Amino acid sequence: MVKRVERIKYAQLDRIGVLVEKGELTPPAALASIRKSSESLIPPTATNPGSPLEKALAQLDGLVGLTEVKQLVHEIKAFIEIQQKRAREGLANEPLALHQIFKGNPGTGKTTVARILGVIFKELGVLSKGHLVEVERADLVGEYIGHTAQKTREQIRKALGGILFVDEAYSLARGGEKDFGKESIDCLVKAMEDHRDDLILILAGYREEMEYFLQANPGLRSRFPIRIDFPDYSLEELLEIAQVFLAERDYYLTPGAREELARQLLVTQSLRHSGNARLVRNIIERAMRRQAVRLSTQPNPSRDQLMAIERVDLEGGVAA
Amino acid sequence: MRDCLIVGKTHAGKTLFVLNFAQYLGLDNVDLIFKYPNGLIEKKTYSIAKARRELVGPIPHTTRALQTVSIDLPVGKGVKRCFLTDTSGLIDHIHSDVEVRRAIAQTLGAIREADLILHLVDAAAVGVSDAPTALGEVDYQVAQIAQMRGGYAILANKMDLPGAVSGLAKLKLELPGHRLFPISALYKRGFREVKSYVQHLLC
Ligand SMILES: Nc1nc2c(ncn2[C@@H]2O[C@H](COP(=O)(O)OP(=O)(O)OP(=O)(O)O)[C@@H](O)[C@H]2O)c(=O)[nH]1
Ligand SMILES: [Mg+2]
């Protein structure tokens with residue numbers, strides 16, 4: 001898709017743009033490097049959008065906010081590459097423990113980042129397939145003795161070569177010692193050892209719950225050295241997400257609509273778990289439908305009318 | 001191809017050109033879509049006269065966003081809708097104001113994406129080497145990049161001012177081999193040639 005290709009170009013340009021913005025590059029020097037990169041890397045009408053690795057990194061960089069996450073991913077990537085080089089030189093090689101804990105509210109980008117990580121790990125040769133299997137308690141925990149192990153192993157089998165992403169993982173510790181969730185955890189830990197070369201586990205969930213979960217299971221702590229915090233999006237970031245989402249679909253917000261959206265987001269931000277990209281998408285998708293209804297009575301809507309989301313399209317939406 | 005990017009050094013007359021060119025093509029009111037460097041997008045409707053008052057600057061770095069106007073060019077029996085995008089002006093050095101640098105970064109991004117580029121140069125200033133709008137390194141770089149695109153022309157602007165004729169001669173020497181149109185954005189001179197060039201390329 002064209003959009004992808006553009007993302008990548010933006011990501012490369014981003015680096016040049018950032019230098020210009022920081023005052024580290026003059027405009028003529030920036031133009032010269034843009035020219036060089038478009039000569040060597042990607043022709044202006046790119047048909048070769050770069051390697052899957054570059055694509056994945058560009059996709060990551062293209063996500064709104066998530067500064068720390070992005071930095072950490074770049075660090076992990078660098079670490080893997082250096083470990084591989086060290087291995088070739090016969091130097092002591094730190095075994096790569098890439099299992100991770102993702103902490104954050106729903107809709108803060110955890111699954112999206114996990115999916116991109118899968119591609120990156122595959123391209124770096126850490127995983128053979130790099131796909132993502134997303135599960136929750138109900139997919140892992142059974143109803144009778146033996147059932148849980150069977151269900152958990154089934155999911156592990158599907159995830160081999162890729163990432164097993166356990167959402168709301170803390171719920172596995174629910175119900176205490178006698179709960180089958182405990183059995184599932186044991187099963188997962190065993191799989192981590194058995195398939196240490198071709199399976200990555202990501203346990204995700206709300207911040208407090210995950211911290212409590214790790215405290216209650218000290219054995220897990222050391223097995224998950226990478227812990228990433230996914231902060232709630234700020235109001236500005238949510239607005240940017242909305243605008244990117246719309247721009248990708250050839251819509252835009254009128255100033256009035258942007259005000260209204262900001263107002264609604266402010267209201268919901270005071271509620272818990274609401275710094276949430278999914279919520280923004282829901283609001284926007286609804287507004288797109290309401291715009292369609294509003295325009296359907298017009299015989300000849302103009303191009304601009306077809307693109308504009310107006311305040312009325314957002315009004316009356318109960319955003320919660 | 002339907003998008004045409006207007007670039008050049010700051011104060012070269014880009015904004016005035018876009019507005020007066022739109023008026024020349026028959027528009028009295030324009031819907032301008034502003035895309036700010038921080039990602040905000042908004043649309044405002046102006047009369048050309050009001051837009052000239054508010055958007056054309058007495059000082060450099062007036063424009064701080066991508067400002068797009070849609071125009072209808074006659075093609076065959078019908079018209080074709082195209083988009084002219086005005087940009088924040090370029091400079092050779094690093095500006096001390098981060099807002100200006102951010103706006104310039106946005107322009108550079110747009111240049112990277114553009115297919116058809118109209119490059120405005122202040123012909124009257126070209127002869128005066130220390131004028132801020134005189135021909136600079138950034139103009140050479142724009143020309144280098146732009147000639148790899150679908151279309152590229154240099155518009156030698158402010159031909160109504162003294163010194164512009166010798167400036168134009170110098171421009172031809174300094175940036176040879178490109179299509180060049182002498183114009184006056186202020187008095188809408190040379191617009192016919194620009195129109196037929198754009199028309200030809202956009203179809
Ligand atoms: N005499 C004369 N003045 C012009 C002409 N074109 C533009 N100007 C003047 O040049 C100044 C700058 O014009 P703008 O259109 O704001 O320039 P710009 O390139 O958009 O500049 P920035 O947005 O600040 O980068 C204004 O005072 C205009 O009135 C022209 O053809 N002749
Ligand atoms: Mg301007």
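Tutor: One term to begin with: a residue is near a molecule if one of its heavy atoms lies within 4 Å of it. Keep in mind that this is a predicted model.

Student: Okay. How many residues surround ligand 1, and which are the closest?
Tutor: There are 23 residues around ligand 1. The closest are Lys14(B), Thr15(B), Thr62(B), Thr63(B) and Asp160(B).

Student: How do those 23 residues divide into nonpolar, polar and charged?
Tutor: Eight are nonpolar, 11 are polar and four are charged.

Student: Which element gives the largest share of the shell around ligand 1?
Tutor: Helix H1 of chain B, residues 14–24. It supplies three residues of the shell.

Student: What about polar atoms? Which backbone atoms lie by an oxygen of ligand 1?
Tutor: Take Gly13(B): one of its backbone N or O atoms is 2.9 Å from an oxygen atom of ligand 1. A polar backbone atom of Ala12(B) is 3.2 Å from a ligand 1 oxygen.

Student: And which side chain has a polar atom 3.0 Å from an oxygen atom of ligand 1?
Tutor: That is Lys158(B).

Student: How much of ligand 1 does the protein bury?
Tutor: The protein buries 89% of the 650 Å² that ligand 1 exposes when taken alone.

Student: Next, the magnesium ion. Which protein donors does it have?
Tutor: Thr15(B) and Thr63(B), each through OG1. They lie 2.0 Å from the ion, which is ligand 2.

Student: Are Thr15(B) and Thr63(B) buried or exposed?
Tutor: Both Thr15(B) and Thr63(B) are buried.

Student: New topic: His119(B). Where is it found?
Tutor: In strand S6 of chain B, which covers residues 116–122.

Student: Why does His119(B) count as buried?
Tutor: Because its relative accessibility is 0%, and buried means under 20%.

Student: Which side chain does His119(B) join in a polar contact?
Tutor: The side chain of Tyr152(B), at 2.7 Å.

Student: What else is His119(B) in contact with?
Tutor: Leaving aside neighbours within four places in sequence, its contacts include Val7(B), Gly8(B), Asp139(B), Val142(B) and Leu155(B).

Student: Over to chain A. Where is Gln291(A) placed?
Tutor: In helix H13 of chain A, residues 277–296. Gln291(A) is buried, because its relative accessible area is 3%.

Student: What does the side chain of Gln291(A) reach?
Tutor: The backbone oxygen of Ala308(A), at 3.1 Å. Beyond its neighbours within four places in sequence, Gln291(A) also has contacts that include Tyr251(A), Gln305(A), Met307(A) and Asp313(A).

Student: Let's zoom out. How many helices and strands are in chain A?
Tutor: Chain A has 15 helices and seven strands. Of its 320 residues, 48% count as buried. Its accessible surface is about 16,200 Å², and carbon and sulfur atoms account for 52% of that.

Student: And how many in chain B?
Tutor: Seven helices and eight strands. Chain B has 203 residues, and 54% of them are buried. It exposes about 8,500 Å².

Terms used. Residues are numbered from 1 along each chain as its sequence is written. Chains are lettered from A and ligands numbered from 1 in the order in which they are written. This is a predicted model: local features need pLDDT of at least 70, side-chain atom pairs count only at pLDDT 80 or more; totals for chains, interfaces and linings use all residues. Side-chain values use heavy atoms; hydrogens and water are left out. A polar contact is a pair of N or O atoms within 3.5 Å; within protein, one must be able to donate a hydrogen and the other to accept it, and residues adjacent in sequence count only if both atoms are side-chain atoms. Accessible areas come from the Shrake-Rupley method with a 1.4 Å probe; for residues, only the protein chains shown count as cover. Helices (H or I, at least four residues) and strands (E, at least two) are DSSP runs, numbered from the N terminus. Ala, Val, Leu, Ile, Met, Phe, Trp, Tyr, Cys and Pro count as nonpolar, Asp, Glu, Lys and Arg as charged, and the others, Gly among them, as polar. Donors are N, O and S atoms within 2.8 Å of the metal (3.2 Å for Na, K and Ca); water is not among the atoms, so sites may look incomplete. Buried means under 20% relative accessible area, exposed over 50%, partly exposed in between (1.4 Å probe, protein chains only). Contact means heavy atoms within 4.5 Å.
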